[in-house]
Amino acid sequence: MAVTKTEPINGSTTKSSAPPSTSMPLKSDLLSILSLKSLRLKTKQQELLIRVSILCLVYVLAFITRLFSVLRYESMIHEFDPYFNYRTTLFLTQKGFYEFWNWFDSESWYPLGRIIGGTLYPGLMVTAAMMYWGLRFLRFAVHIREVCVLTAPFFASNTTLVAYFFGKEIWDTGAGLVAAVLIAICPGYISRSVAGSYDNEGVAIFALLLTFYLFVKAVNTGSLAWGLASAFGYFYMVSAWGGYVFIINLIPLYVLALLITGRYSMRLYVAYNCMYVLGMLLAMQIRFVGFQHVQSGEHMAAMGVFFLMQVFYFLDWVKHLLNDKKLFEAFLRITVTCAVGVGAIALGVGTASGYISPWSGRFYSLLDPTYAKDHIPIIASVSEHQPTAWSSFMFDFHILLFLFPAGLYFCFKRLSDATIFIVMYGLTSMYFAGVMVRLILVATPAVCLISAIAVSATIKNLTMLLRTKSKVSQTGSTKGTGGGKTSSKAMLDQSQPFQRNGAIALLFGAFYLLSRYAIHCTWVTSEAYSSPSIVLAARGAHGNRVIFDDYREAYYWLRQNTPPDAKVMSWWDYGYQITAMGNRTVIVDNNTWNNTHIATVGRAMSSYEDEAYEIMRSLDVDYVLVVFGGVTGYSSDDINKFLWMVRIGGGVFPVIKEPDYLVNGEYRVDKVCSPPRV
Amino acid sequence: MGFRFDLLLLFTTLVLLSTITPTVLSDVILSKVDRRIDLTSQIVRVTSTLKVENAGPDPVSEVLLTFPEIQAKDLAYLTATLNEVSLPKALGEGDSLTIDVLAVFTHALRPFPEEITQADIQLVLFQDTAHYLSPYAVKVQSLTVKLPKARIETYTKLENTNIHGSDIKYGPYENLPPFSYAPIAVHFETNQPFAVAQELVREIEISHWGNVQVTEHYNVVHQGAKSKGEFSRLDFQARPHLRGASALRNLVAKLPPRAHSIYYRDEIGNISTSNVWGDPKKTELVIEPRYPLFGGWRTTFTIGYGLPLQDFLFGLEGKRFLNFSFGSPINDLITDNLIVKVVLPEGSNDISISTPFPVKQGQETKISHLDVAGRPVVVLEKTNVVPEHNQYFQVYYRFNKLSMLREPFMLISGFFILFVSCILYMHVDMSISKSSPSYLAKLQWDEVRATIQQVVSIINQCLSKHERLEASLHDLSRTGDVQACKTARKTADSLFKEYSKELKPLLSFLQSSPQATQILPKVEELVAKEKELQERLIAKHSTIVDCYEKKIGGRELENRVASHQQKVVALKQEVDDLLDYIEEI
C-alpha cells in the first residue's frame, strides 16, 4: 500500500524540482514530509506491531521474572504440595494414564492408604505430562522435573495473554496491555507461580481467568461457540483446582445481579445455560468432583440460578404473548411465588434427606472467618489459611491497592455487562482475600484488571489533552512557513492555562508510580517468593552464602539407608516430601483427609515416651522424623508446631489437654517447661 | 615384550587352578624375593621384586606367579615388568632376570569388629603369608607390611619380625622350599573410609560441536565396619575426629584439565557441598555426600562435566578416535561393577574399540535431543576396577561432518514450517458455510474497508500535492520564477483531475454497499472538504501568481491572500481530523 503510494510522488518530485537547481534543501524537506506521511498512513500497522511486541515482551517477562528461584537455588520443586504433584506426575509419565487413574497409593496414610486417582485434581499432572510427551515427541529429551518446574511460569505467561484479551473485552486494548503487564509481575500471583512452585494454583489461575474471559465474551456476543469454550475452560479449571467452586458461585451471582438490574438478555441466557449445563456435565467427569457437582451445597446456587433463568425466559415468553399488563403482573406474582416456593421446598427436602450435602468446613470458614478456629483446628493450623494482614495486602499488591478503587470508579462510570462482571469479581475476591492469605491469589487477576482500567483510562485522558494541544501547535507551525500567523491559534491555548503542564506532571506521576511498582515487584520476587523452603540460604559472618540443606539430607538418608518398606512417622507437613524424596511409607501427609489419623500422630507426639512408643508400635512405625531447628536458628521446626499437635490430638482424644502443656498460659520450651513435654 | 605377555597369560591359568601340581615346573629358582604390602588405604597393593634364575639345563620361557586362594578372588589388577628388556626371549641356563610385580587387591581388609558405634574407631584385619607362595624354591626373601600411622592392635609374630614405626618387617628368610606358607594376620586401626562404588555408570557423550560430556552415576557404599546404635549430628559436628572418625566425609575426583560445567547432584536435586580447584594440569573436584557415610550406609549421586573435544578426539586415516581414560576419576575408590558407555554422534559407523585390558563389550542406541534414529552407544563392562585401571582406551569410528548440520537444519525447518503454517492460517478462508449472512457481511465489510483505504490514500496524495503547490509558492517568493510556478500548477491541475476521476467509482461503490452506511457520511464529508480545500488553494495560488505577474508586492498581496489563507488552514485541520477518524475504524 505504502509503496504504491510513494512511488508516483517520488517520480513527480524529481520532475518538478528538475528545472530549478537551487531547490535542493527544499527537496530534502519534501522528502522528510513524505516519509512522515507514509509512516502516518501505517498507523494501524504500527499500532499492531507495537501491541504485538509489547505482548511478546510481557510474555517473556512473565516467564523470566519467575526464574529467580532457579538462578538463586536450582531447578527444583518447592514447598510441600508440589512434591506430591511431582510424584504423581512422575507416576503418570511412567505408568500411563489408566494406571494413574486407578492408582491406590499404599505409601501414604499407612495403614489406610489413599486412592490417588479419585482424590486429586488431575489437571496439573495431565498438563505437565502432555507437555512432556509433546516435547519428547518433538525429540527434545527433557527431564520431567524440568517440565514440572517450568509449568507454573509457562502458565503465568499464558495468563498475561488471557489478561490482555480480558482487558480488551471489558475496556479497550490499552487496558488489556496494562493488565497484561501488571499481572505479569504482580507479587500476589508470583508467590504461587515461581519456577518450581509446581502447584495446582499455577495452572488454575490461568484456567480461572480463561473461564471468566470466555464467559464474558459469551455474554457480550451471545454466541454459543464462546459459551461452549467457557464450559471447556471451566472443565479445565475443575480438573485443576478446588477453587473452581469460586467460579460456580460467582457466575450465578453475576447472572443474578444482571437479572435484578434488568440487564437480562438473550445473550445472557445462551451464555449461562450453555456454560452451566455443559460445564456441569464435563465437571462431573472428574472423579474427585463427580456427583458433588449436583449434590453438595456449594453448587446449589448455580443450579438455582439455572432454574431461575428458565423461569425468566418463560415469563418473557408469556409477556410476549399476553398484551394485558395487569394480567401479566398477576401471572408474574403467582409464578414467582410458585418458583421460589418449589425451590425452597426442594432445597429443604434435599438437605433433610441428605441428598444435598451441607457446606463443607472450608466453605464455612470462608464465609465466617472464625469458624475454622473453633471447629476445625487442622484448617486453622495452616499458616496460609490465616486472615490476611494489611501489610501482606500492601506487599502483594503495592500501588494496585490504591488503583483498585479508582478502577472501580471508572467501571461504574461506564457500566456494561462486562464491567459489572469485573466489579463483582473484584469485590468478592477482595473479601475472600481478606479472609484467607492464600486467596490473595484469586483476587490478583481482578485487582490487576481493575487497576489496569484505572491506569489506562487516566493515561488516555491525559495524553488526549496533550495531543490536542500539540496538534494545534503543529498545524500552527506548518502554517508559519506560509504566512507566519499563529496568533489566532495561540489564543486558543490560553483558555486553560495550566492544563497542559498539569497533564505532563500527572503523566510523570503515573510513570513514577508504575516504575515503583515494577521495582517493588522485582524486589519481592527475588527476596521473598523465590525460596524453595526446602533449601534455606543465609548470609555467613563474612557475607558468604551458607546453604542449609538438612531436609534433603534427612530425606535422602531415609531413601538410601532404610529398608524399602519402612514406615516413617512425622508431623503431617512433611508427609508429601518424605514420600516424594525419601520414597518411604508415611503415616500422615498433607492431604489431611483423615483427621483422626492425624490426631493419633499428634497424640503420639505429645505423650510421654512410653505411651508414645505403644502408639507408634500399634501404627507399625519404624522411624520417626522430627525437625529441630535450635542449632541453626530455624524457626518453623516441630517445637514451633507442637501446640498444634496438642490441639489436633486433643480434638479427638480428650486425654490430651492443651493447658497441660502451658505454663501460666504461656507456651515455653526452656527450663520451666511444662511436665508432659518430653 | 613377548615375555611379559607370557607371564600374564600364565598367571591367569594359575589363578584359576591355584592348587597346582608341582610336576609341570621347571628348574627355576627365585634367588631373591622382596615383597612390600601397602595397607595404608582400602586398596591393598603388593609390590614384589623377583629375581628369577634358571638353575636347570633347559631354557625357560615361562614363569609362574601364584597367590593364596583367599587373595586370588580379590585380585583386581596385576602387572609385571621386566627390568632388563634386552634379554633374549627365553632364559638360558644360569641366566637371571628381575621382575617387578604389582598386584592390587580389593576387599582384602576385613573390618573387625564388624559393627562399631559412632564413637568407636575402625579396626581391620589383614591376612597373608609371611613366606612368598611360589612353586619355586626361594633363596632369600623378605616382606614389609606398611600400615597407616595409627594403632596396631595385634600382629602375628614369627622369627625375624621387626617393627619400625608403622612398618612391620618379616624376614629375611632363607632357602625355603616351594609352596612354603606361613599365615600371618595384622589387626590394626585404619580410619580410611572404605568407599566402594557398587555400580558406576560412566557416560561419555561426544558432540562434534566441540564438547565431550561426561556423566557418572555412582552408587557408593561405605564398606568399613558397620555402624550400630544411633548417630548424633551434634556430636559429629562438635568432635568430628572422635565421633565418627571412620566416616566418609568427602571424595576427591581428579578431572582432566579444562573441565567445565561441572555439576554434582542426585535424584532429588543439586548437592551444594562441593568445591572445584582448577590448574592447567588438572581440575580437582571435592565432593561431600549429603550426609557423612558411616559403615554400611550408602548413597547415590551423579557428577557431570564437559571437556573440550580437541583434547580427546583425534583423526587417524579417515577415521576418528576417542582417547579416554577408563576408570573413575575419584581417588581411592573401588568400583565393583563399572559400565562405560560411549555415546557417539548420530550417524557414526564402522565402530571398533581397543582397550588395554579385556572388558565385556556391547552396543545399544540412545535417543537424545533431536535424534531420529538414535545415537550408537558402545558399552564396556568390567568388574572389580581399581585406580590402576585408569588407562586410556580408544573408540574408533567414522563420521561424516555434514551430518552435524542435520540437527540445526531440523530446527530451522521446524520454525519455518511453523511460520508458513501461521501465514497459511491467516490467509486461508476457514469458514464452513460460504453462504451464511455473517460470512457475506464480513466479506462486504472487508471490501468496504479496502475501498475506504483507497479513498484515504488518494486524499493523502492530494494533500501532498497541496504541499507541493505551497512549496512552489515559497520558491516563487524567493526566486520570483513565475514560469516554474505555473508549470507546477499545471501538473497539479492535471493530477487533481485524475484523482477526482479515480475517486468517483470508489464513492459510488461505497454508496451502494449496505455495510458502509455508517461510515459513508464521514467519507463524503472528507471528500467534499478536500475539494473545497483544493479550490481554495488553487485560488490562493492563482492570486499570488497574478500578483507576481502584475508586480503587486508586499502588503497588497498579503491582504488579498489573507482570507484564502485562513480558510485553507481551517480546512486542512478539518481534513486531518476526518482522516484520523476514518483511519481509526
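Reply: The charged end of Lys157(B) lies over the ring of Tyr155(B), 4.7 Å from its centre. A charge counts as over a ring if NZ of Lys or CZ of Arg is within 6 Å of the ring centre and within 35 degrees of the ring normal. This is a predicted model, in which local features need pLDDT of at least 70 and side-chain atom pairs count only at pLDDT 80 or more. Residues are numbered from 1 along each chain as its sequence is written, and side-chain values use heavy atoms, leaving out hydrogens and water.

Me: Which ring does the charged end of Arg287(A) sit over?
Reply: That ring belongs to Trp101(A), with the charged end 5.7 Å from the ring centre.

Me: Now ring pairs: how many aromatic pairs are there over all chains?
Reply: The count is 56. Rings of Phe, Tyr and Trp (its six-membered ring) pair if their centres lie within 6.5 Å; planes under 30 degrees apart are stacked, over 60 edge-to-face, and the rest tilted.

Me: Why is the pair of Phe642(A) and Tyr661(A) edge-to-face?
Reply: Their planes stand at 65°, so the pair is edge-to-face, and the centres are 5.6 Å apart.

Me: Are those two buried or exposed?
Reply: Phe642(A) and Tyr661(A) are both buried, where buried means under 20% relative accessible area, exposed over 50%, and partly exposed in between (1.4 Å probe, protein chains only).

Me: What about Phe231(B) and Trp297(B)?
Reply: They form an edge-to-face pair, with 5.6 Å between centres and 90° between planes. Phe231(B) is partly exposed at 27% relative accessible area, whereas Trp297(B) is buried at 11%.

Conventions
Chains lettered and ligands numbered in written order.
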